[in-house]
Amino acid sequence: MGHTPLQKEAIETIDKSLVVTAGAGAGKTRILVGRIIYILQQGLASIDEIAAITYTNKAALEMRERLRYEMKMQKYNDSISKNLLRLSTAYISTIHSFCLRLLKENPVEASIDPEAQVAKEYQGNAWLKESIQEAVIGKLENKNVFQITSEMGFGKLSDELYQNIIKIQNQGVSIATLSEMAISEDEKTIVMLIEESLKIYGSKKEKQHVLDYEDILEKTLDMFEKNREILKNYQQKFKFILVDEYQDLNFIQDKILRLLGKDTNLFVVGDKKQSIYGFRGARVELFEKLRKDLEKNGKSLSLKDNFRSNDKIITFVNKAFEDIMENYEPINYKRQHDGKNICFLIGQNSGLMRERRQQEARLIADKILEMLSDDSVKVYDSTTGGYRKPTFRDFAVLFRRKTHLSCYIEEFRARNIPFYVAEVGTLKESHGVKNLLLGLKAVEYKDDINIYGALSHLLKVDDDKIAEYVLNGKKLSNIFDENIDSEEAFKLFQKWVKMKDKATIKQLAEQIIKDSKLLYTDLEDVLDTESLLQFLDLCAVYDEEGFTLREFLEELSNWGSEYQEAVDVSEEEDVVKFITIHSAKGLEFPIVILADSGQSLSTVSSEILFDPEVGLAIKKDKEKWQELKNFLDNKEIEEAKRLLYVALTRAMDYLVISGEITSDKRESFLKWLNQTTS
């Protein structure tokens, strides 16, 4: 399929910076790849003079693979063939990987160890929590700290500080900026504890010679601001900079890219309607501000043609969001489809929550089986360019949250409907997988944090016994070397360590499950069992690739839950996919079922609230706290609307919306859609 005139304009406008608003299904990846190919064809830059920044590792890999395919198709072009050989080292990555590469190219100026590694997510989280507790305990002599700790409780205060530090880091907000926002003595005390926590946390990272993701961004910005020569060199090196999903960037990422993109050719793609990562610090307004700034000396384009969804779905989405979303800009359909393409499944709104979810699961299962047996139901086949009957693999069941997923799994199993929970990145959220990972990490790393976690959570060793062992002057890591008769759990560790170098990852994991009775006694529900079995399958995949246990664990650490990247199922696997909306972003499915759409939207409840626009507030300051809570609740609602938009625009041929309205007062997807379609 060729490019539309607007797509062609986006690809070939290379004499000025360009910002592109690309609606759902507009083919933005084709445009990004097409633009890079065009630049190479014209001899305007080599592949290593182009920087392409994506939001996820998966998107970077897809872009690299599409480029490889297109370049191989044109390998007889001398310019293309020369660059094809250097594609593997091209600057095509997430912004964190990109910045880390720049830092390692300038270790002295960046003040980093050139051999520094990125902290594992679980390590960073553990160190930060430890640092917060140490900071609070160390400052208890301060009367304000003592007072706040007494009022909130040590555990609650530590947890609130942790959640806010994560938010501050995600937002890319400096301590200096935070300090300016603190007005009352209590607010200043909270900022002081945050600053002290980060100082202790920084020391822990320095001792281990590691950086976390926030360090990478902060040090890159600091290097650019303090070493203008380095910044100038990169501005000259990168003749073209392309940035995807700009609406999902935070303040510090925006600053870095603005500095780097100054006086060079900047190409930015985004869509404010698809900004759904506020919990990671995304600021949708940054894309709009950049668009206005680039329009002054560059150019902006708006791609409204949707090549994914048919006319019925696009018409439905446009009609719904005219009422749901303020200043909504409709998108255009490019494909028509006969038949009834939109369907609501409304369940009962009385009875226990689990019973209602089970009843909804039955409705969804019935609908899938009905559509499979209905000869009038046809889905588009891009391979043949025609229509065919659907199979299980054409269905995707989308959830805002996986809270009740086990109910749907149980029903699908009972009806013999094959399914796949399509998110390995969130496997680690499973109770059983978490505990198994503690055991695997303890065996591999032999560090106190994982040993304690495995003893306490996996093997259920009483905390008093662990404390007694430590108080006797022994290190937990000694359990691998000592012959201890008093505690059977220690012997299990010794057994697993001896087994590690002889067994595959899967064999070791199975032995840990067997010895700890994890599969039989420690799982909360059917979803835990499913996740654990799926994890074992994953171990087998990495065994086949020749991974060691350490390499496997390091690979898993790159799947931080904050990324939530979906793992694609092979087209040959005829299964229904269960997937969260966040993970479905960037994907498309012939038949989308939006499940549990009556689930009420959550509201903010933390005692310490923060937002860069409004400031800091503590619950005891009721008026200020309530004002900030209302502001944050409204932001949550606006993001939820964008999340709904993303969900509906994943559908190609059919859209099924399932759920029940349980409250007229609480907002929900189904309530919004009912109001606009009634």
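**Salt bridges and a helix pair**

Arg-86 has a relative accessible area of 32%, so it counts as partly exposed. The model it belongs to is predicted.

Start with the partner of Arg-86. Asp-48 forms a salt bridge with Arg-86, and their closest N and O atoms are 3.6 Å apart. The cut-off for such a pair is 4 Å, so this one qualifies. Asp-48 sits in the loop between helix H2 (28-41) and strand S2 (50-54). Arg-86 sits in the loop between helix H4 (78-84) and strand S3 (91-94). The pair therefore ties together parts that are 38 residues apart in sequence. Asp-48 has 24% relative accessibility, so it too is partly exposed.

Side chains of opposite charge can pair when their charged atoms come close. By the rule used here, the count comes to 54 salt bridges.

Next, take Glu-187 and Lys-624. They form a salt bridge with the closest N and O atoms 2.8 Å apart. Glu-187 belongs to helix H11 (residues 185-208), and Lys-624 to helix H28 (residues 622-648). This bridge therefore ties together parts that are 437 residues apart in sequence. Glu-187 has 1% relative accessibility, which means that it counts as buried. Lys-624, with a relative accessible area of 24%, is partly exposed.

Now turn to Arg-356. Arg-356 forms a salt bridge with Glu-660, and the closest N and O atoms are 2.8 Å apart. Arg-356 lies in helix H17 (residues 353-373). Glu-660 lies in the loop between strand S20 (651-659) and helix H29 (669-677). Parts that are 304 residues apart in sequence are therefore tied together by this pair. Both Arg-356 and Glu-660 are buried.

Salt bridges can also share partners. In this way Lys-28, Asp-244, Glu-245, Asp-248 and Lys-585 are joined into one network.

Finally, look at two helices. The axes of helix H14 (residues 251-261) and helix H15 (residues 284-297) come within 10 Å. They cross at roughly 25°. Angles under 35 degrees count as roughly parallel, so H14 and H15 are roughly parallel to each other. The crossing of H14 past H15 is right-handed. From H14, the contact uses Phe-251, Asp-254 and Arg-258. From H15, it uses Glu-285, Leu-286, Lys-289, Leu-290 and Asp-293. By class, this contact has five charged residues, three nonpolar and no polar ones.

Definitions and conventions:
Residues are numbered from 1 along each chain as its sequence is written. This is a predicted model: local features need pLDDT of at least 70, side-chain atom pairs count only at pLDDT 80 or more; totals for chains, interfaces and linings use all residues. Side-chain values use heavy atoms; hydrogens and water are left out. Axes are lines fitted to C-alpha atoms, for helices over the stretch in contact, and angles run from 0 to 180 degrees between N-to-C directions. Helices (H or I, at least four residues) and strands (E, at least two) are DSSP runs, numbered from the N terminus. Angles under 35 degrees count as roughly parallel, over 145 as roughly antiparallel, 65 to 115 as roughly perpendicular and the rest as oblique. A crossing is left-handed if the near helix is turned anticlockwise from the far one by less than a right angle, and right-handed if clockwise. Contact means heavy atoms within 4.5 Å. Ala, Val, Leu, Ile, Met, Phe, Trp, Tyr, Cys and Pro count as nonpolar, Asp, Glu, Lys and Arg as charged, and the others, Gly among them, as polar. A salt bridge is a side-chain nitrogen of Lys or Arg within 4 Å of a carboxyl oxygen of Asp or Glu. Buried means under 20% relative accessible area, exposed over 50%, partly exposed in between (1.4 Å probe, protein chains only).
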